[in-house]
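Q: Could you walk me through this structure, one topic at a time?

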Amino acid sequence: MHNYLDFEKPVADLEGQILELKKLDADGENAVDVSDEIERLEKRVQDALADLYKKLTPWQKTQVARHADRPHCVDYIARLITDFTPLAGDRKFAEDHAIIAGFGRFRGQSVAVIGQEKGSDTQTRLKHNFGMARPEGYRKAVRILELAERFAIPVVTLVDTSGAYPGIGAEERGQAEAIARSTEACLNLEVPLVSVVIGEGGSGGAIALAAASRVLMLEHAIYSVISPEAGASILWRDAARARDVAQAMKITAQDLKGFGVVDEILPEPMGGAHRQPELAIDTAGDAVAAALAELGQRDGPTLKKERRDKFLAIGRTL
């Protein structure tokens, strides 16, 4: 059984019936063959999912992007990267587990990988601070970016955070400066840089890793200047109005592609990446491979200039 979102109740009911029928059939308690009924219900599930997911609202997409079973950074690394060697620490203060960074091989090619990890259960969420990085996390990212450029290794970043950690300690250690330095490092990089928004791209905490030559975004991911709840709290002092803010901020992949903020939308399996995580990861892997192959034909100064020009051009035609 899946973890169902509020709007998925029709699907939950149908899959509950399928589970009951399969259980009766396995126990031998059914006097008649139920395979035809199971097949009919499975067809209804697919139709219901298709109907629901072709007209998701921005708030519903936000829920999908945050789904507990959605594949995270560690899942992408485990499936796509071989011989992955993580590097720890920023050489200044501490290790930040919210950002996973290191080197490995992607389909035979050496790459640097930097990703934000939210965690998948209580223990790992606390360890990774729910994907909200502190300054040392972004300084670790800069360290990896500089190493990658020194050895002419392309970089892949995986974005999945509600935003940088806003705690007092983080601010005291220069959170804004660390984010700015990471963004600057991305823009100045003279090797290919491909970023994939795999779940939630929140504010400067996301752009610090996503100032890339190619920004790819999963179909039901979101990318915004502030979380809908925080925006509602600022505008109306009422986080319950997050639904309205999500609609107004244009945070979906489809909106952002139109604005030129992202370069490509990656299709997800029917019902979201959490239903078929391996298929979703492989689709992202294919897109990253294509982007790296294209960018690999350019020299360093050209990559840097095109990247900077691309971000400076965003919004000019709006």
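Pockets, a cavity and helix contacts

Q: Which element gives the most to the lining of the largest pocket?
A: That is α9, which supplies three residues. Helices (H or I, at least four residues) and strands (E, at least two) are DSSP runs, numbered from the N terminus. The model is predicted, with local features needing pLDDT of at least 70 and side-chain atom pairs pLDDT 80 or more, while totals for chains, interfaces and linings use all residues. Residues are numbered from 1 along each chain as its sequence is written, and side-chain values use heavy atoms, without hydrogens and water.

Q: Which other elements give two or more residues there, and how much space lies in the largest pocket?
A: Besides α9 (203-210), β7 (222-224) and α12 (253-259) each give two or more residues to that lining. The space in the largest pocket is about 260 Å³. A pocket is an open set of points on a 1 Å grid with protein on both sides within 12 Å along at least five of seven lines, and lining residues have an atom within 4 Å of a point.

Q: Which residues lie nearest its centre?
A: Of the 15 lining residues, Y223, S224, V225, L256 and V261 lie nearest the centre of the largest pocket. By class, the lining has twelve nonpolar, two polar and one charged residue. Ala, Val, Leu, Ile, Met, Phe, Trp, Tyr, Cys and Pro count as nonpolar, Asp, Glu, Lys and Arg as charged, and the others, Gly among them, as polar.

Q: And what lines the second largest pocket?
A: The second largest pocket has 13 lining residues, with R66, H72, K118, G119 and R125 nearest its centre. Its volume is about 180 Å³. Five charged, four polar and four nonpolar residues make up this lining.

Q: How many cavities of 30 Å³ or more does the structure hold?
A: The structure holds one. A cavity is a set of grid points where a 1.4 Å probe fits but cannot get out. The largest cavity contains about 90 Å³ of space.

Q: What lines the largest cavity?
A: Its lining consists of Y76, I77, L80, I81, F106, V113, V156, L158, V196, A284 and V288. Eleven are nonpolar, with no polar and no charged residues. At least two residues each come from α4 (73-80), β4 (155-161) and α13 (277-295), and α4 gives the most, with three.

Q: Changing topic, how do α10 and α11 cross?
A: The axes of α10 (residues 228-236) and α11 (residues 242-249) come within 8 Å and cross at roughly 105°. The two helices are therefore roughly perpendicular (65 to 115 degrees) to each other. Axes are lines fitted to C-alpha atoms over the stretch in contact, and angles run from 0 to 180 degrees between N-to-C directions.

Q: Which residues make that contact?
A: From α10 come P228, E229, G231, A232, L235 and W236, and from α11 come A242, D244, V245, A246 and M249. Contact means heavy atoms within 4.5 Å. This contact has eight nonpolar, one polar and two charged residues.

Methods:
Angles under 35 degrees count as roughly parallel, over 145 as roughly antiparallel, 65 to 115 as roughly perpendicular and the rest as oblique. Grid points are joined across faces, edges and corners, and a volume is the space filled by probe spheres set on the points.
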